[in-house]
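Please look over the structure shown here before reading on. The paragraphs that follow lead through it step by step.

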Amino acid sequence: MNKHLLKNNKRLLALLFALFCGMQMGWAYDFSAVCPTGQTLYYNITDATNNCVGVTYPFSSVSPSWSGYTQPTGEMVIPLTVMNGGVTYSVTSIEYGAFYGCSGLTSVEIPNSVTTIVSYAFYGCSGLTSVEIPNSMIAIGDYAFSDCSGLTSVILNSNAVASGDYAFYTNLTTRFGTQVTSYTFGSSVTSIGNYALYGCSGLTSVEIPNSVTTIGNYAFYGCSGLTSVEIPNSVITIGERAFQGCSGLTSVEIPNSMITIGNYAFYDCSGLTSVILNSNAVASGDYYYYSNLTTRFGTQVTSYTFGSSPTSIGNYALYGCSGLTSVEIPNSVTSIGGYAFYGCSGLTSVEIPNSVTTIGERAFDGCSGLTSVILNSNAIASVNYSSSSNLTTIFGTQVTSYTFGSSPTSIGNYALYCCSGLTSVEIPNSVTTIGNYAFYGCSGLTSVEIPNSMIAIGDYAFSDCSGLTSVIIGNSVTTIGINPFSHCSNLSQIIVDNDNMVYDSRDNCNAIIETLTNTLISGCKTTVIPNSV
């Protein structure tokens with residue numbers, strides 16, 4: 001055989017042997033290099049034109065493996081760039097299963113050059129306790145940090161990753177695991193995507209920066225371990241069911257920046273009892289009874305506090321919120337919509353500020369537990385109502401006590417028409433006029449004191465108040481309308497200015513009250529009986 005041919009054949013055999021051995025060894029990388037913290041990492045060239053590499057695992061098998069190689073342990077820093085054969089490469093990705101099963105790894109620093117972490121990259125790294133994702137990151141694959149049982153803290157600087165729209169089965173929870181207790185979103189994040197942390201039952205705290213404007217649909221759905229959340233003033237939208245099932249939440253404050261809260265956003269948050277609602281847009285929104293604040297926060301809420309900015313409380317706003325026991329309405333509110341608190345059976349008292357000029361129909365109707373109303377609003381107290389639309393239809397017939405604040409100057413026509421539950425009423429000294437039929441049919445009312453400021457009592461003002469037994473009238477009253485006390489079957493005395501006692505004949509059709517000063521008050525026929533008699 002030719003010596004040259006034999007020599008060439010030997011070289012070919014050597015090359016084939018080397019290739020065979022390489023296949024048996026199972027190399028899965030192009031080159032290796034020592035990283036800044038001393039561990040040997042393995043790289044694949046992913047883009048030869050632009051000199052980009054990705055970190056990979058060293059041993060090629062059916063699944064990612066470090067078999068026969070020393071796994072990285074302890075604290076590890078992945079370099080921004082790496083050199084090989086005189087060429088500088090940028091580290092732009094962490095490849096599929098790169099650190100699969102590296103349980104001794106306790107921390108990893110990922111450089112800003114990395115844009116992608118592929119599925120299962122850190123799967124089973126049980127020694128990891130926290131990880132920070134740089135803002136360069138575009139995509140993180142499914143289960144990238146899954147089965148990292150020690151991982152409890154994630155700092156997520158990447159807007160792309162935080163904002164990504166996910167499905168409930170492929171989201172940040174599937175990437176990092178349900179055991180994570182704390183997520184911190186960095187200052188670059190502008191939105192938290194749909195389903196982002198869906199089902200992250202281990203989550204107990206979350207930090208949302210002022211850069212975030214949107215919290216997506218189902219974003220924190222089922223995060224039952226979350227006990228509190230601070231929503232910054234930058235947020236204008238919370239999506240549908242965003243916090244549904246967060247049973248650990250006990251209170252939530254909605255900032256005044258908020259424009260929209262999706263249906264069922266805080267629904268089924270069984271522990272949520274207190275809502276502070278600063279947003280004028282949300283409080284003022286006109287809702288339907290099946291799509292309102294109750295469907296957003298749940299019927300179990302016991303307290304709503306409206307902040308200083310809302311100017312109105314919308315139609316049906318808290319319709320059917322049976323758990324509500326207290327509500328604070330600020331002085332900024334000028335109108336309360338129709339049916340706004342309809343069916344809030346847990347309410348026992350309510351105070352209407354003097355800023356309110358309009359209350360919609362049946363706003364507090366169906367509030368079966370409501371017995372006390374403090375009415376500071378002059379506009380509401382003074383307005384003229386009809387027999388079918390008045391304070392009784394607004395608050396219900398079961399109210400036992402009305403207190404009129406210091407500002408009202410009159411109590412309007414039909415104001416408390418047929419409020420059969422009313423047993424007491426406080427009329428302040430500011431009131432000069434009681435309108436026609438104002439207390440008509442208030443059969444539960446047993447006594448009434450008309451202050452010295454009063455000038456006129458309207459027609460039938462207390463007619464059919466069958467429970468009324470005594471009336472005290474101040475000395476300034478100059479006019480009483482037609483039959484103000486007719487059919488008050490139990491009325492036995494009217495005291496005028498505490499100096500005259502006159503007997504009410506119980507049939508006052510053409511009656512006149514005359515005081516000792518000979519001031520005629522038409523409409524009631526009585527015999528003047530001075531106290532001296």
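**A walk through the model**

R175 counts as buried, because its relative accessibility is 9%. This residue is found in helix α3, which spans residues 172–176. The model is a predicted one, and every value given here was computed from it. Although R175 and S146 are 29 residues apart along the chain, their C-alpha atoms are separated by 5.8 Å.

Which residue forms a salt bridge with R175? The partner is D142, and the closest N and O atoms of the two are 3.3 Å apart. This pair links distant parts of the chain, since D142 lies in the loop between β10 (139–140) and β11 (153–156), whereas R175 is in helix α3, 33 residues apart from it. The two partners also fall into separate classes of accessibility: D142 has a relative accessible area of 25% and is therefore partly exposed, while R175, at 9%, counts as buried.

The structure holds two salt bridges, and another pair is that of R362 with D365, in which the closest N and O atoms are 2.8 Å apart. Here R362 counts as partly exposed because its relative accessibility is 32%, whereas D365 has a relative accessible area of 17% and is therefore buried. The reasoning rests on a cut-off, because buried means under 20% relative accessible area.

The strands come next. An open sheet of four strands has the order β9-β11-β12-β14, and its pairing is parallel. At the edges stand β9 (130–133) and β14 (205–207), and because each has a single partner strand, one side of each is left without a neighbour in the sheet. On average, and with direction ignored, neighbouring strands of this sheet are turned by 10° against each other. Looking at one pair within the sheet, strand β12 (residues 182–185) is joined to β14 by three bridges, and the two run parallel. Among the residues of this pair, Y183 has V206 in β14 as its bridge partner.

Further along the numbering, strand β27 (residues 401–404) can be followed in some detail. How many bridges join strand β26 to β27? There are four, and β26, which covers residues 372–375, runs parallel to β27. In this pairing, L375 stands opposite F404 in β27. Strand β27 is also joined to strand β29 (residues 424–426), in this case by three bridges, and these two strands run parallel as well. Here the bridge partner of Y402 is V425 in β29.

In a regular strand the side chains alternate between the two faces of the sheet.

Another strand to look at is β33 (residues 470–473), in which I473 lies. I473 counts as buried because its relative accessibility is 0%. In sequence I473 and V448 are 25 residues apart, while in space the distance from C-alpha to C-alpha is 8.7 Å.

The cysteines can be considered next. How many disulfides does the structure hold? The number is zero. C321 is accordingly in no disulfide, and the nearest cysteine sulfur, that of C344, is 5.3 Å away. A disulfide would need a pair of cysteine sulfur atoms within 2.5 Å. C321 counts as buried because its relative accessibility is 0%. C442 is likewise in no disulfide, with the nearest cysteine sulfur, that of C465, 5.0 Å away. For C442, too, the relative accessibility is 0%, and the residue therefore counts as buried.

The last stop is on the surface, where Y288, Y289 and Y290 form a nonpolar patch that has about 400 Å² of accessible area together. One of these residues, Y289, lies in the loop between α4 (280–284) and α5 (293–297). Is Y289 buried or partly exposed? With a relative accessible area of 48%, Y289 is partly exposed.

Definitions and conventions. Residues are numbered from 1 along each chain as its sequence is written. This is a predicted model: local features need pLDDT of at least 70, side-chain atom pairs count only at pLDDT 80 or more; totals for chains, interfaces and linings use all residues. Side-chain values use heavy atoms; hydrogens and water are left out. Patches are made of residues with over 30% relative accessible area and no salt bridge: like charges are joined within 9 Å, nonpolar side chains (Val, Leu, Ile, Met, Phe, Trp, Tyr) within 5 Å. Accessible areas come from the Shrake-Rupley method with a 1.4 Å probe; for residues, only the protein chains shown count as cover. A salt bridge is a side-chain nitrogen of Lys or Arg within 4 Å of a carboxyl oxygen of Asp or Glu. Buried means under 20% relative accessible area, exposed over 50%, partly exposed in between (1.4 Å probe, protein chains only). Two strands pair if DSSP finds at least two bridges between them. Axes are lines fitted to C-alpha atoms, for helices over the stretch in contact, and angles run from 0 to 180 degrees between N-to-C directions.
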